[in-house]
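Student: Could you show me how to read charged pairs, ring pairs and buried helix faces in a protein model?
Tutor: Let us take them in turn, with the general idea before each case.

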Amino acid sequence: MDVSEIIKKVRKLELKTRNHSKDLFTGNYTSTFKGKGISFHGVRAYSYGDDVRSIDWNVTSRSQEPYIKEFEEERELTVMLLIDLSGSLDFGTELRTKKKRQIEIAAILAFSALANNDKVGAILFTDEVELYLPAKKGREHILLILRQLIDYKPKSKKTNIGKALKFLRETNRKSAVAFIISDFIVDTDYTEDLKRTKKLHDLVALRIQDEAETQLSVRGFVQLVNAENNTKTWVNASSKKAKEIFSTNDLRNKSEMIQNFRNIGIDFVSINTAEDCMPPLISLFKKRK
C-alpha cells in the first residue's frame, strides 16, 4: 500500500470515528477515567484556618516557621492501546474483518483521549511485541498510531497476551488506562500477567468477535483453518450435533473468559463485527461510573 493510499484511509477513518469519539466523550469518558488521584504540588506558609494535618514538619523545623503541603488533582491520563495483530484477527468478510473493527475501536478511544488532552500510546503484539509507540499527546501522534495499524505487516500470526502485558509493566511504570483489544483466541494462559498488571494499571478488555465464529451457518463438509498455527479440520456443517458442539464451545469459552476477568476485577465487553460498536462501548463506560 503506497503512502498516499494510507493517508486517504487514515483521513477517512478520522472522519468516521471523530463523531463517535464525541459521543463517547460527552458524559462518559471524563466521568469514567478520572485521573491518577492527588499529587504533591509544593509547600506554602501556614495561614490561620489551614488544616494542621497538612503541616510539613520537615520544612517547618528547618525554617522555624510553619509550612503546609499543597496537593492538586492529577487529571491527565495515559491511555495505552494493546492491539492484537495475530492471524485470527483477519477473519471475517472483506468489508468487515475483525481487524477493521479493531482499528475503528482503537481510533474512537484515541480521539476520545485526544479530546481530553490525554496521552495515547500503543503496543502492537502477536506472540511478541512487534511495535511500541510511547504515549504522547496530539493529533499527529494519533494519526501516526492509526497509520501503523492500517499498514503494519506483523511478523507472526500467533498470540501471547502475557508478553504484551509484561512489556506494558516494564515500559510504563506510572498508572495508565490500558485497553486490550483482541479476540482473545490464545493457546497460552495469561491470568498471572493480568493479575500483576492490574496492580498498577486500569485494564479494560475489548473482545472482537465475528458471528461466524459462534455458529455454523453453512452446509455440507467445510474445512476449518486455524489462522495462527495453520491446522486444518474437516467438519460436517449440516450436522445438528456439529452445530451444537460449535455453539456450546463458544459459549463455554466466553463464560470462562468473563469469569476470569471478573475474578481479577477487569471490565470486559464483547463487540461483534456486524453490530454498531458504540452501544457496547457506551454501556461499558456507563457501567464504570
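**Charged pairs, rings and a helix face**

Tutor: Glu104 is buried, with a relative accessible area of 8%, where buried means under 20%, exposed over 50% and partly exposed in between, using a 1.4 Å probe and protein chains only. Please keep in mind that this is a predicted model, in which local features need pLDDT of at least 70 and side-chain atom pairs count only at pLDDT 80 or more, while totals for chains, interfaces and linings use all residues. Residues are numbered from 1 along each chain as its sequence is written, and side-chain values use heavy atoms, with hydrogens and water left out.

Student: Which residue forms a salt bridge with Glu104?

Tutor: Side chains of opposite charge can pair when their charged atoms come close. Here a salt bridge is a side-chain nitrogen of Lys or Arg within 4 Å of a carboxyl oxygen of Asp or Glu, and Glu104 forms one with Arg101, the closest N and O atoms being 3.4 Å apart. Arg101 is buried too, at 12% relative accessible area.

Student: Where do Glu104 and Arg101 lie?

Tutor: An α-helix has 3.6 residues a turn, so residues three or four places apart point the same way. Both Glu104 and Arg101 lie in helix 3 (residues 98-115), 3 residues apart, about one turn of the helix; helices (H or I, at least four residues) and strands (E, at least two) are DSSP runs, numbered from the N terminus.

Student: How many salt bridges does a search of the whole structure find?

Tutor: The search finds 9. Among them is the bridge between Asp50 and Arg44, with N to O at 3.0 Å; Asp50 is buried at 17%, whereas Arg44 is partly exposed at 30%.

Student: How should I read the rings of Tyr132 and Phe167?

Tutor: Rings of Phe, Tyr and Trp (its six-membered ring) pair if their centres lie within 6.5 Å, and planes under 30 degrees apart count as stacked, over 60 as edge-to-face and the rest as tilted. The structure holds 5 aromatic pairs. In one of them, Tyr132 and Phe167 have ring centres 5.0 Å apart and planes at 80°, so the pair is edge-to-face. This pair links distant parts of the chain, with Tyr132 in strand 7 and Phe167 in helix 5, 35 residues apart.

Student: Which residues of helix 6 are buried?

Tutor: In helix 6 (residues 191-198), Thr191, Asp193, Leu194 and Thr197 are buried. They cover an arc of only 165° around the axis, which puts them on the same side of helix 6; the arc is that of the directions from the helix axis to the C-beta atoms.
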